[in-house]
Amino acid sequence: MRLARPLLALALAAASLAAGAQAAFPDRPVTLVVPFAAGGPTDVVARMMAIPMGRSLGQSVTVENTVGAGGTIAATRVARAQPNGYTVFLHHMGMSTAPALYKKLQFDPLKDFETIGQVVDVPMTLLARKDFPANTLPELQAVIKREGNKISLANAGLGAVSHLCGLLFQSAVGTELTTVPFSGTGPAMNALLGGQVDLLCDQTTQTVPLIKDGRVKVFGVTTPRRLEALPNVPSLDEQGLKGFEVKVWHGLYAPKGTPQPVLDKLNAALRVAMQDPEVKKRLADLNADIVPADKMSPAGLRTHLEAEIAKWGPVIRKAGVYAD
Ligand code: MLT
């Protein structure tokens, strides 16, 4: 196609402006959207990453908690944001379960986002309020058998990992409990600490210090093997809940159409952040595994996201769990 000279000049000027904007990125703060409440495990990881990412980008990275509907409100917000690199999104495996769980989802995880890279894998722990009348998994199972749905189980909404872990646990013990949803496991944990709810399944990024301080009771970890950070806590699997396994993967995304040079800068900043000695130490203390370099890439996250959507879809449809 031939453009008239003034049009060609305009097109060239626009292209050079866009290239200039990408080269200058970022020239203002970047917003890191977290789909759950402040103080919870996703927020903990986001705030840990934000400071070294900001240092590497030369601009601050500000955490924004956009809560509700198991993370889907935040995902919709990011899918509709300007694709310029100034809005990025940290979400966990809820990104892959949402398409099957929500009938009227307003975004497509594969079509509406650019993948920047996987971040961390985090195990979970099954907890009770401190004064709950059971100390071991068999005692907990006995109480559940006796009390049934008088026992409450907190979670962070449909599609939250606390919800998925809770579903697995209820199916393993064959009893439906009363689930109490919150906007994140930060507030759910406050309710557990305050004795307003009985049980919560939550990620070690929030629970390790509380377990070590004896502020909650722990019945087991959700990985087949025990965790380095909690060597005295048995796995649920070794106590008889065979095959009980949940490890929560996390990814960093940007809206679809974010230019490649900007995505490259964000990926580089993510890598720098996850190599920061302070971040590495804090994550190790919380038993969160930083993913290897090949996974911390756009292709690594996209391949994983595709595989997880394919894995969870049939499981969720078979279980018949969904939101209208
Ligand atoms: C949170 O950050 O509050 C949790 O990751 C929510 C959840 O259980 O998925």
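This is a predicted model: local features need pLDDT of at least 70, side-chain atom pairs count only at pLDDT 80 or more; totals for chains, interfaces and linings use all residues.
Two packed helices are described by the angle between their axes and the distance between the axes. For helix 4 (residues 94–101) and helix 11 (residues 298–319), the axes come within 8 Å and cross at roughly 40°. With angles under 35 degrees counted as roughly parallel and those of 65 to 115 as roughly perpendicular, helix 4 is therefore oblique to helix 11. The crossing in which helix 4 passes helix 11 is right-handed. On the side of helix 4, the contact is formed by Met95, Ser96, Thr97, Ala100 and Leu101, while helix 11 contributes Leu305, Glu308, Ile309, Trp312, Gly313, Ile316 and Arg317. When the residues of this contact between helix 4 and helix 11 are sorted by class, 7 are nonpolar, 3 are polar and 2 are charged.

In helix 5, which spans residues 137–147, the residues Leu137, Leu140, Val143 and Ile144 are buried. Because these residues cover an arc of only 120° around the axis, they lie on the same side of helix 5. The exposed residues Pro138, Lys145 and Arg146 are carried by the face of helix 5 that is turned away from its buried side. The packing partners of the buried residues of helix 5 comprise both helical and strand elements, namely helix 6 (161–173) together with strand 4 (113–128), strand 7 (199–203) and strand 8 (217–221). Helix 5 is followed by Gly148, for which the phi angle is positive, near 55°.

Note on methods. Residues are numbered from 1 along each chain as its sequence is written. Side-chain values use heavy atoms; hydrogens and water are left out. Axes are lines fitted to C-alpha atoms, for helices over the stretch in contact, and angles run from 0 to 180 degrees between N-to-C directions. Helices (H or I, at least four residues) and strands (E, at least two) are DSSP runs, numbered from the N terminus. Angles under 35 degrees count as roughly parallel, over 145 as roughly antiparallel, 65 to 115 as roughly perpendicular and the rest as oblique. A crossing is left-handed if the near helix is turned anticlockwise from the far one by less than a right angle, and right-handed if clockwise. Contact means heavy atoms within 4.5 Å. Ala, Val, Leu, Ile, Met, Phe, Trp, Tyr, Cys and Pro count as nonpolar, Asp, Glu, Lys and Arg as charged, and the others, Gly among them, as polar. Buried means under 20% relative accessible area, exposed over 50%, partly exposed in between (1.4 Å probe, protein chains only). The arc is that of the directions from the helix axis to the C-beta atoms.
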